Amino acid sequence: MNKQVILGLFFFCILTGWSAIAQPNKQAQLEEKRQTILEEIKQINSLLFKTQGKKKSILTNVEDLNHRIAARENLIKVTNQQANLLTREINENRTKISELQNELEVLKEDYAAMINKSYKSKSQQSRVMFLLSSENFLQAYKRLQYMKQYAKHRKEQGESIKEKTILLEILNKDLTEQKQKKQVLIEENRLAREKLNSEKKDHQELIASLKKEEGTFSRQIRDKQKEADAIDRQIEEIIRAAIAKSNKESNTTTAVKTSSTAFALTAEAKALAASFTNNKGKLPWPVEKGVVVKRYGKQQHPQLANVTTFNSGVEIATEANAKARAVFNGEVMEIQQLKGANMAVYIQHGSYITVYNNLINITVKKGDKVSTKQNIGTVYTNAATGKTILKFLIYQNRDRMNPADWVFQM
């Protein structure tokens, strides 16, 4: 392919917006999103539904199905967006192909007429005779220039036909691939809808059972909330005590003013806190693999209208024997045996604290320096449910933070 054809292809892409060079590839973004959702569904199935021999409560079954249905509905939504975008791209390609075919026909007709005229002209007189019959040198020079321009024009017409033929072939190939992709997406969407309908049927049956004993299940949820609140109070007491200790050990004026609310920090600790702040939204997950089953904040139960819960962090379902890992460089501030729960590891990052709750087999000790992604212990697996859940919290001094704002794609 010569330079002229390459330039023609490039400018065609810019003018029509057909190429990914000219505009963001929305289809690629949607495909990336679809693959992420597929991976999420795979993890939900693996982490929440592969508990053979474990008897789950109706509440747990409903919660697990809520996660899978939400992910499946999201998958269908994104797949529909992909199919709709492909439909638009296919229609645009058809229009471009039609326009190119018309242009190609006109070019071919013009080129044929030019060749025909050139042939007749050649048969009537030779180029040499055409020049020799000139009345003067100037006329001969002009005739020579005309002959050169005519030859150049013929060459350009031929190149233009070649260029548009290549573009047409590319568009036709692209159109065929787009049609195939669309059919694949349509089929995947059909299968996803079948699974979704089946899951919704099971879900409705569970909800019907749930509604029959709404009072009992509401009390169970409220009891669990009380237990969670009690654990939160233990965690916050540890943080208050650590703040008080840091200020007691410090002789600075600033420390006296902020003794009840914030850590007294050394220059090194301030730099660490600033680095933690700068990494907001980019921190790694506290487990290598997992799915968030309970998000931060106040939430109304989706099936029980009168039940509201509050989560001080995020709860992540992970695989059995999964290792909890530090999300940032820091120092182990405390290791605590929580009443009514397992072990919690507190890591201080200047004025920030990350808490990793529901651990066993702790591999660090108080005062240890830890690095990002360093293993700190094993997440406990509940023998009754078969689930492995890590509760992860972030504090800035005594203020709770939403971990989803800090951890990448949580």
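**Close-up views of a predicted model**

**View 1. Helix 2, residues 26-48.** At 1.5 Å a residue, the 23 residues of helix 2 should span 33 Å, and the C-alpha atoms at its ends lie 32 Å apart, which agrees. The expected span is 1.5 Å times one less than the number of residues in the helix. Helices (H or I, at least four residues) and strands (E, at least two) are DSSP runs numbered from the N terminus. This is a predicted model, in which local features need pLDDT of at least 70 and side-chain atom pairs count only at pLDDT 80 or more, whereas totals for chains, interfaces and linings use all residues. Residues are numbered from 1 along each chain as its sequence is written, and side-chain values use heavy atoms, with hydrogens and water left out. At the start of helix 2, a side-chain oxygen of Asn25 comes to within 3.2 Å of the backbone nitrogen of Gln27. The buried residues of the helix are Gln27, Leu30, Arg34, Ile37, Ile41, Gln43, Ile44, Leu47 and Leu48; buried means under 20% relative accessible area, exposed over 50%, and partly exposed in between (1.4 Å probe, protein chains only).

**View 2. The largest nonpolar core.** This core has 29 residues, and Tyr356, Leu359 and Ile376 have the most contacts inside it. Two or more residues each come from helix 8 (267-278), strand 4 (314-318), strand 7 (343-349), strand 8 (352-360), strand 10 (375-379) and strand 11 (388-396). A nonpolar core is a set of buried Ala, Val, Leu, Ile, Met, Phe, Trp, Tyr and Cys residues joined through side-chain atoms within 4.5 Å. Leaving aside neighbours within four places in sequence, Ile376 is in contact (heavy atoms within 4.5 Å) with Ala324, Arg325, Ala326, Val345, Ile347, Tyr356, Leu359, Ile362, Thr363 and Val364. Another core, of 18 residues, lies apart from the largest one and includes Ile37, Ile44, Val291 and Ile389.

**View 3. The surroundings of Asn311.** Asn311 belongs to strand 3 (residues 308-311) and counts as buried, at 6% relative accessibility. The side chain of Asn311 reaches the backbone oxygen of Lys294 at 3.4 Å, and a polar atom of that side chain lies 3.1 Å from the backbone oxygen of Gly313. Not counting residues up to four places away in sequence, Asn311 touches Lys294, Arg295, Tyr296, Gly297, Gln299 and Lys391.

**View 4. The second largest pocket.** The volume of this pocket is about 740 Å³. Of the 24 residues that line it, Ser246, Phe263, Glu331, Met333 and Gln348 are the closest to its centre. Helix 6 (214-248), helix 8 and strand 6 (330-337) each supply at least two residues of the lining. On a 1 Å grid over the protein atoms alone, a pocket is an open set of points where a 1.4 Å probe fits, with protein on both sides within 12 Å along at least five of seven lines; lining residues have an atom within 4 Å of a point. Grid points are joined across faces, edges and corners, and the volume is the space filled by probe spheres set on them.

**View 5. Two residues with positive phi.** Asn361, in the loop between strand 8 and strand 9 (369-370), has a phi near 50 degrees, a positive value in a residue other than glycine. Gln409, in the segment after helix 9 (403-406), is likewise not a glycine and has a positive phi of about 50 degrees. Asn361 counts as exposed at 56% relative accessibility, and Gln409 counts as exposed at 60%.

Terms used:
Polar contact = N/O pair within 3.5 Å; in protein donor to acceptor, adjacent residues only side chain to side chain.
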